[in-house]
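Dear colleague,

I am passing on the structure we spoke of, and my notes on it follow below. Please read them with the coordinates open beside you.

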Amino acid sequence: MSRNHNFYFRQNLKDLDLLVKAHQLSFETLLNDEFSDGELQNFEKLIDSIAAIYVQPILSELSFDDFYSAASEEDKQRSFFESCKSSISLENIPYFESNPFQVSYLLSLLEKFDDVLIDRGGVSELCFKSSYVYELKKHKTFESLISAVAPQPREVKTSRPIDPIDFLVLDVYKEIMRLENSGKTVLLESEKLNRILKIMTHERLDATSLFKKTTMGAKEFDDHLEKLKFTLKKII
């Protein structure tokens, strides 16, 4: 694969620039949330080698005939390119096999767009977002590093009598596992529900440990935990 890729978008230049800047900030925040300072230092070289990204207009002299295109998709790709208003240039892309941070960065960026036309350079044929993402997903993302460095989860204790709140915690874990096994993505509007969900997704805790980690009041914790259970159950 070429080390430089160009993405072509239908968004105008200003909107694309805002989306890319927002994505860069959210990605940095995500890394800080998922990794400790020490872990980030360990991965510093990988993070720093994420490709430089430039938002820019499409060169007036550039035409669709300058690219390589598969005959089966030429008409569709030509039509898409002619409707594009802006582009992103990614320079010095590290090999996807060796940098899971680059893979995660591109996957999360491309999620923000319905479709994108991508030139991978050299004699590679143009491809749409779906094909590019399919190839990206063959490689590890930084989530694989989280599981590698995460502490061993604590099992829920069942050797003593279980309180009603413990039953509720177990029910929520069952719903989380059900949704994970079905590949469902959970998006919640409530910050407090998201806080509990995030903790429970990464660790298996007993009710007392979970309560302490949420930093909520007792009634607030009980109410939101029950609400989370019924919210997750509604996701089919």
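To begin with one residue in this predicted model, Gln77 is in contact, once its neighbours within four places in sequence are left aside, with Phe64, Ser69, Ala70, Leu117, Leu126, Cys127 and Phe128. Gln77 belongs to helix α4, which covers residues 74-83, and because its relative accessibility is 0%, Gln77 counts as buried.

One of those contacts, Leu117, leads on to the sheet, where Leu117 in β4 is the bridge partner of Tyr8. Strands β1 (residues 5-9) and β4 (residues 117-119) pair in the antiparallel sense over 3 bridges, and they are part of an open sheet of 5 strands, antiparallel in its pairing and ordered β2-β3-β1-β4-β5. The edges are taken by β2 (52-56) and β5 (127-128), each of which has a single partner strand, so one side of each is left without a neighbour in the sheet. Helix α1 lies across β1, β2 and β3 (86-91), and runs at about 160° to β2.

Turning to the largest pocket, its volume is about 1500 Å³, and of the 35 residues that line it, Leu30, Glu34, Glu143, Thr185 and Val186 are the closest to its centre. The elements that give two or more residues to this lining are α1 (13-34), α5 (100-110), α6 (129-136), α7 (143-149), α8 (164-182) and α9 (191-202), with α1 giving the most, at 7 residues. By class, the lining of the largest pocket has 13 nonpolar, 12 polar and 10 charged residues.

With best regards

Technical notes. Residues numbered from 1 in each chain as written. Predicted model: local features only at pLDDT ≥ 70, side-chain atom pairs only at ≥ 80, totals over all residues. Heavy atoms only, no water. 1 Å grid on protein atoms, 1.4 Å probe; cavity = no way out; pocket = protein on both sides within 12 Å on 5 of 7 lines; lining within 4 Å. Points joined across faces, edges and corners; volume = space filled by probe spheres on them. Helix = DSSP H or I, 4+ residues; strand = E, 2+ residues; numbered from the N terminus. Nonpolar A, V, L, I, M, F, W, Y, C, P; charged D, E, K, R; others polar. Buried < 20%, exposed > 50% of the residue type's maximum accessible area, 1.4 Å probe, protein only. Contact = heavy atoms within 4.5 Å. Pairing = 2+ DSSP bridges. Axes fitted to C-alpha atoms, helices over the stretch in contact; angles between N-to-C directions.
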